Amino acid sequence: MNLHIDHAKRILVANDRGGYTVPTDRLYPFQWNWDSAFVAMGFALYDIDRAYRELERLTEGQWADGMIPHIVFHQPSDTYFPGPDVWRTKHTIPTSGITQPPVFAIALRKVHERAGKHAEARTLPLYEAALKWHRWWYSARDPERTGLVALHHPWESGSDNSPAWDVALARVPTTTVTPVMRKDTGHVNADMRPRDEDYKRFIHLLDTYAACGWNPAKQWEEAPFKIAEIQTTAILLKAGEDLEHLARLFGRTEDATEIADFNDRSRRAMLAQWRPALRRFVSRDLISGEDVQAATQAGFIPLLSLDLDKDIADALVTEMKTWSKGLKVAFPTTKPGVGSWEPKRYWRGPAWAIINWLLIDGLQRNGHPDAGEELRMSTIAAIETEGFAEYFDPVTGEGCGGLGFSWTAAAYIWLM
Ligand code: 9YW
């Protein structure tokens with residue numbers, strides 16, 4: 001018995017709140033969207049029923065228009081801000097009003113494949129939920145049919161305070177209708193968290209969309225933050241491939257054609273975002289019309305869902321090696337040494353096990369299994385040395401942020 005796997009499973013038990021898993025106690029006391037998808041993949045390796053349950057409980061929060069929100073507030077808790085009273089979404093089960101990276105269908109296919117006989121009956125309703133969500137992405141967040149889906153809030157990227165948002169977020173006013181009453185800095189050292197200015201802008205955006213009545217068309221018109229985002233689109237495309245696979249498996253030919261069309265659109269659009277001089281892909285700021293130049297991990301995530309020409313894949317890997325050189329733990333979420341690089345501050349430098357998980361899959365897909373293996377070993381070593389921390393300082397290897405973190409536990413189980 002590997003003691004670390006045993007420990008990882010105990011973390012998932014401790015963070016269970018009744019069929020869903022909180023990311024960590026107190027700091028994040030509700031169900032988070034992409035966290036649960038990663039957690040479900042971890043469960044899929046040893047407890048299929050619980051894996052399905054995780055995804056089912058997330059879909060309880062799905063909106064009539066298909067969006068699966070970034071947080072489902074199944075039970076009240078006063079240890080997190082902003083809670084349901086701030087979001088004002090009026091959904092039957094309280095939820096936030098924005099979404100998060102669509103890892104869901106990636107997880108669903110893996111759960112289905114490990115479920116064996118009689119899986120279809122349990123997979124189908126989740127497949128339907130995923131399809132509705134993908135339709136929502138392509139209508140609400142790409143009404144002009146460009147193939148790249150747009151985010152209206154940094155929280156939707158899952159990389160809250162990434163330097164990728166610095167330019168676009170600077171245009172967002174710091175005024176808020178809702179008083180900003182942060183709770184996160186009561187749980188975790190403030191130096192490891194987003195800054196107060198960031199939070200004011202996060203809440204300004206929230207207030208703006210609440211005033212739109214959470215209507216997607218109205219939000220599209222009024223959003224002061226609108227980024228056609230490469231990491232989210234790359235995840236959506238991988239999830240789209242998995243969804244298309246399930247559609248064919250279930251004989252849903254019309255669905256499969258529709259999904260294949262979404263996927264083709266995103267594939268073409270993503271390829272156009274390759275920037276040879278930067279050796280990475282870039283997002284587009286839809287308000288300024290400019291590339292998002294900031295050097296972050298997002299530029300490498302297309303490895304996950306594109307079958308790249310060898311010269312592009314090689315260039316990406318060369319660039320990744322430059323970033324990782326001399327670090328104790330790869331892969332840094334911001335390029336070391338650039339002005340915005342802060343190795344301890346959340347998404348401005350640290351290494352995250354779930355980002356590594358996506359990169360490892362992408363490196364394998366694109367003919368770089370050795371680089372993938374190196375990253376896998378480095379992720380495992382970081383966790384075995386420091387425990388199941390939310391993320392790691394890539395220079396010192398120190399585990400940072402929340403401890404006993406669910407997605408780090410799931411990543412460990414999966415990567416072992
Ligand atoms: C927030 C739960 C979430 C993650 C995000 C991460 C952070 C903060 O924590 O979000 O208040 O939503 O940035 O990726 O899903 O682990």
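Q: Where does the ligand sit?
A: This is a predicted model, in which local features need pLDDT of at least 70, side-chain atom pairs count only at pLDDT 80 or more, and totals for chains, interfaces and linings use all residues. Residues are numbered from 1 along each chain as its sequence is written, and side-chain values use heavy atoms, with hydrogens and water left out. A cavity is a set of points, on a 1 Å grid over the protein atoms alone, where a 1.4 Å probe fits but cannot get out, and a molecule sits in one if more than half of its atoms lie within 2 Å of its grid points. By this rule, the ligand sits in the largest cavity.

Q: Which residues come nearest to the ligand?
A: A residue is near a molecule if one of its heavy atoms lies within 4 Å of it. Around the ligand there are 15 residues, and those that come nearest are D35, Y80, Q100, G158 and D160.

Q: How far does a polar side-chain atom of Y80 lie from an oxygen atom of the ligand?
A: A polar contact is a pair of N or O atoms within 3.5 Å. For Q100, a polar side-chain atom lies 2.9 Å from a ligand oxygen atom, while for Y80 the corresponding distance to an oxygen atom of the ligand is 2.6 Å.

Q: How many residues of domain 2 are in contact with domain 1?
A: Contact means heavy atoms within 4.5 Å, and the domain bounds, which come from an automatic or database domain assignment, are 19-130 for domain 1 and 315-416 for domain 2. On the domain 1 side 16 residues take part, and on the domain 2 side the number is 16.

Definitions and conventions. A polar contact is a pair of N or O atoms within 3.5 Å; within protein, one must be able to donate a hydrogen and the other to accept it, and residues adjacent in sequence count only if both atoms are side-chain atoms. On a 1 Å grid over the protein atoms alone, a cavity is a set of points where a 1.4 Å probe fits but cannot get out, and a pocket is an open set with protein on both sides within 12 Å along at least five of seven lines; lining residues have an atom within 4 Å of a point.
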